[in-house]
Amino acid sequence: EAQVAQAISAFLPGVPMFYNGQEVGSTQYLNLFEKLAIDWSTNPAMADWYADLFNARATHPALLGDDITFRWQTNVFVADRETPSGRRALLVANVRSTSQTSDLSLYGDSMNDLTDLFTGEAFSTNQTLAPFEVRLFLD
């Protein structure tokens with residue numbers, strides 16, 4: 001659940017916030033005034049997911065600007081970003097605890113050259129997402 005919220009936050013313009021240890025799924029209570037090291041071996045797959053997300057956010061041109069378009073979908077967050085030079089990013093995020101299908105036919109063939117950052121799968125106009133699954137399509 002935290003990952004879908006973080007993916008949406010990272011996709012939006014501005015600076016996303018996350019808590020110390022969130023990138024490894026830590027459930028430890030952290031005192032604001034105490035130093036506590038993160039145990040990076042707790043959840044390496046989650047740490048890799050966060051690293052991929054924030055690397056894309058820091059380097060992909062479409063994620064660096066302020067332009068964003070929201071597409072209304074029931075139970076699924078859909079938004080896209082594009083630079084004036086045509087670089088694109090599309091976020092499809094299931095915000096529910098059940099599988100959801102998203103119809104992205106409004107994009108037609110315009111996104112066919114995008115691939116999902118997390119799975120490497122090509123964009124398609126019909127997306128079925130597992131509970132709280134995120135797909136970040138980049139060119």
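The legends below describe close-up views of a predicted model. Residues are numbered from 1 along each chain as its sequence is written, and side-chain values use heavy atoms, without hydrogens or water. Local features need pLDDT of at least 70 and side-chain atom pairs count only at pLDDT 80 or more, whereas totals for chains, interfaces and linings use all residues.

View 1. Strand β7 covers residues 134–138; strands are DSSP runs (E, at least two residues), numbered from the N terminus. Five of its five residues are buried, meaning under 20% relative accessible area with a 1.4 Å probe, protein chains only (exposed is over 50%, partly exposed in between). Val134, Leu136 and Leu138 point one way from β7, and Arg135 and Phe137 point the other way.

**View 2. The pairing partners of β7.** Strands pair if DSSP finds at least two bridges between them. Strand β3 (residues 88–94) pairs with β7 in the antiparallel sense over five bridges, and Val92 has Arg135 as its bridge partner. Strand β5 (residues 115–116) also runs antiparallel to β7, joined by two bridges; here Thr115 stands opposite Leu138.

**View 3. The salt bridge of Asp139 and Arg87.** The two side chains meet at 3.0 Å, N to O; a salt bridge is a side-chain nitrogen of Lys or Arg within 4 Å of a carboxyl oxygen of Asp or Glu. Asp139 lies in the segment after β7 and Arg87 in the loop between β2 (76–82) and β3, so the pair ties together parts 52 residues apart in sequence.

**View 4. The salt bridge of Asp80 and Arg71.** These side chains meet at 3.0 Å, N to O. Asp80 is buried, at 8% relative accessible area, whereas Arg71 is partly exposed, at 30%.

Terms used:
Helix = DSSP H or I, 4+ residues; strand = E, 2+ residues; numbered from the N terminus.
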